[in-house]
Structure formats: C-alpha cells, structure tokens
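Keep the structure open while you read.

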Amino acid sequence: MSLVVIGSVAFDGIETPFGKVDRIIGGSGTYISFSASYFTKNVKLVGVVGDDFPKESIKALEERGVNTEGLQIKQGEKSFFWQGKYHLDLNSRDTLVTELNVLADFDPIIPESYQDCEYLILGNLTPQIQKTVIERLKKRPKLIVMDTMNFWMEIALDDLKAVLKMVDVLSVNDEEARQLSGEHSLVKAAKKILEMGPKFLIIKKGEHGALLFHKNEVFFAPALPLEEVFDPTGAGDTFAGGFIGHIAKTGDISFENMKRALIYGSAMASFCVGKFGPEALYTLTDAQVQERVQEFIDLVQFEIELV
Ligand code: AMP
C-alpha cells in the first residue's frame, strides 16, 4: 500500500506582519509530503519543478522517506511561483502573484511503482491535472482526498466540479466553501458541496479550527492557541498531510477515524506556522507529535454533569 501525493512544488514569496521572504520553497505537494511522512514511510510524490529548484530541497524530502520518482525536473524551465501577503489577523491573505511556469503544461507521469496507491491526495493544483492523475491510476484508491483553492474556482470551475464527482473527501477553507456553494452559512454550504460529489467535507477555519461534515453529522477540531504564528503558509496543506497520513497509517476510513485524523492534521499544522516555509517540518520527532496531540486532547476535554 502507498500514499500518493500530487501537488505543487514551488517557490513562494511571503509577507506577514512579522517579516518577508522573497523566495522560499513551498507548494502544496511539498507541505503535504513532509507532513504525511510522520505517519507513513510510503509517501510517493507526483509533481514538477524547473531546473531552478534546489536539489537539497528534493533531498530533504527524500531524507524524510518521500519517494520522488514521480517528481519531474524540467530542464531550462522555471518552477511554479506564488506570492502572497497576509492581513494583520493572519487568517486571510491576498494572492499577489501566481506564475504557473512548469505547471502550465504539466503532464503528470505516474511511475509503475506508484500503482500500488491505496490512498491518494490531490493537493491544490490545476483540476484537470488532478483528474488526469485519478484516471492514470489503474485501480481506484481506497480513499481520494482533494484540496483546492479560490484561484481554480475562478478560472477552472467546470473542471473542478468534474473532479469533485470523483473524490471522497474535499478540503477547503471557509472562504472557499462559501465561494463554491454560494452560501454564507457553512452548514448550508456543506450541504450543497456534499451534493456535488464528495462524501466528506473538511472546512478549515484557520486559527478557529476545522469542521468535518458527513451526511447529517458534523465534528469540530480546534486549532491550538499559539503564542507565536510567523507564517500560516502551507498550514492547510500540512493539515491535509497529517489527515491523510493518519488514515494511511491506520487503514481505517470510517467517520470515527477521520475525527482522529482531523486532530492529527491540526497538530501538524500547529508546527508548520512557527517558521517561514516548511522548515519546521524537517526534524520533528514522533514524541513531539504525540505531545502536541495530547495538548489538543487537554484543550477540549472537560467533565460536565447534565442535570
Ligand atoms: P496553504 O497555505 O495551505 O493554502 O498553501 C500554500 C501553498 O500553496 C504555497 O506553498 C503555494 O506555493 C501553493 N499554492 C498557492 N497557489 C497555488 C495554486 N494556484 N496552485 C497550486 N499551489 C498553489
């Protein structure tokens, strides 16, 4: 069994109230892979970069056990570049630049060794490419999780809706859920989105946690109140990596286990925001991850006697 990750592998320019970096490695595929690597050693990445992408960053992924056979390196071409600026509250941001570069005509090649894929996560990327990856897997994975963003809703909504019909879980933030459904209430938005295809819907709410919807049920996972948040970039992807990582590790795709996966995802995201870029995800220990999960348990556990 393996967990196949597809997503952008990128350079990011980031401005937060605490600092600015012009060019740092990022991308949905990068964050998801690092995060999932803490749960399973069978993470296989599909993506594309230009020859400007640092070899040491690919090595850092491999050192975490991530298989990069499906990461194409295009000679003479430039990697995907995204630039964003966060508002003061860090919960919202503006995209300033999106340069697709190698992503514009990316043809995802699935190595034969990836065909044992049991869990597939389609990180934020062109919906058409997400669809191609599903179609190129000879056997439908046990669980397909998809992430996306407003950018694709604006320029490729029909393609995005076509992929939605093929996936089991969709992960978006609150703003994106509202945009996709046309509903302000997240409960109404969830109902509409669940009618579009996925059986499960995760709505991320930044520092206000995340909701998991399934049929008429809903579960809430808080975000850990942190003293210092430097850069929320990649938090959503890191969350998704922890979520699918826990599911791949346990092999259990029930709603009950997804609740636990939501907590693991939230725990991983809480590490990501402490530093610029994915650096905080290079050298965590299993003990640190477990301790963080315990903090989540302590945060929400209380006793109450109903009279
Ligand atoms: P997150 O903060 O979890 O939403 O993810 C941020 C990451 O998404 C950054 O590292 C970007 O490189 C990547 N990203 C931003 N826009 C896009 C896009 N349109 N397609 C693919 N990846 C993107």
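Which atom of the ligand does a backbone N or O atom of Gly 236 lie 3.1 Å from? It is an oxygen atom of the ligand, which makes this a polar contact (a pair of N or O atoms within 3.5 Å; within protein, one must be able to donate a hydrogen and the other to accept it, and residues adjacent in sequence count only if both atoms are side-chain atoms).

## Ground rules

This is a predicted model, so local features need pLDDT of at least 70 and side-chain atom pairs count only at pLDDT 80 or more, while totals for chains, interfaces and linings use all residues. Residues are numbered from 1 along each chain as its sequence is written, and side-chain values use heavy atoms, with hydrogens and water left out.

Asp 237 puts a polar side-chain atom 2.7 Å from an oxygen atom of the ligand, and Trp 152 has one 3.4 Å from a nitrogen atom of the ligand. On its own the ligand has 510 Å² of accessible area, and the protein covers 94% of that (areas come from the Shrake-Rupley method with a 1.4 Å probe; for residues, only the protein chains shown count as cover).

In total, 19 residues surround the ligand, each with a heavy atom within 4 Å of it. Ser 8, Asp 12, Gly 27, Gly 234 and Asp 237 are the closest. By type, the shell splits into 9 nonpolar, 7 polar and 3 charged residues. Here Ala, Val, Leu, Ile, Met, Phe, Trp, Tyr, Cys and Pro count as nonpolar, Asp, Glu, Lys and Arg as charged, and the others, Gly among them, as polar.

Which elements each supply at least two residues of that shell? They are strand S2 (10-16), strand S6 (80-86), helix H4 (150-155) and helix H8 (235-250). The largest share, 3 residues, comes from H8. Helices (H or I, at least four residues) and strands (E, at least two) are DSSP runs, numbered from the N terminus.

Strand S11 (residues 200-204) is largely enclosed by the rest of the structure, because 5 of its 5 residues are buried (buried means under 20% relative accessible area, exposed over 50%, partly exposed in between, with a 1.4 Å probe and protein chains only). Phe 200, Ile 202 and Lys 204 sit on one side and Leu 201 and Ile 203 on the other, and all are buried. S11 pairs with strand S10 (residues 169-173) in the parallel sense over 5 bridges (two strands pair if DSSP finds at least two bridges between them). In that pairing, Asn 173 has Lys 204 as its bridge partner in S11. With strand S12 (residues 210-214), S11 pairs in the antiparallel sense, again over 5 bridges, and Leu 201 stands opposite Phe 213.

Strand S9 (residues 143-147) is mostly covered too, with 5 of its 5 residues buried. Leu 143, Val 145 and Asp 147 point one way, and Ile 144 and Met 146 the other. Its parallel pairing with strand S8 (residues 117-122) runs over 4 bridges, and Tyr 119 has Leu 143 as its bridge partner in S9.

## Loops and positive phi

Most residues other than glycine have a negative phi. Leu 90 lies in the loop between S6 and strand S7 (93-99) and counts as buried because its relative accessibility is 14%. Lys 215 is in the loop between S12 and strand S13 (217-221), and its 67% relative accessible area makes it exposed. A glycine joins in as well: Gly 206 takes a positive phi near 55° in the hairpin of S11 and S12, which has 5 residues between the strands.

Is Asn 91 buried or partly exposed? At 32% relative accessible area, Asn 91 is partly exposed. Its C-alpha atom is separated by 6.9 Å from that of Glu 207, 116 residues apart along the chain.

Thr 40 is in the loop between helix H1 (28-36) and strand S4 (43-50). Thr 40 is buried at 8% relative accessible area, and a polar atom of its side chain lies 3.0 Å from the backbone nitrogen of Asn 42.

## Cysteines

The structure holds 0 disulfides (a disulfide is a pair of cysteine sulfur atoms within 2.5 Å). Cys 117 counts as buried because its relative accessible area is 6%, and Cys 272 is buried at 0%.
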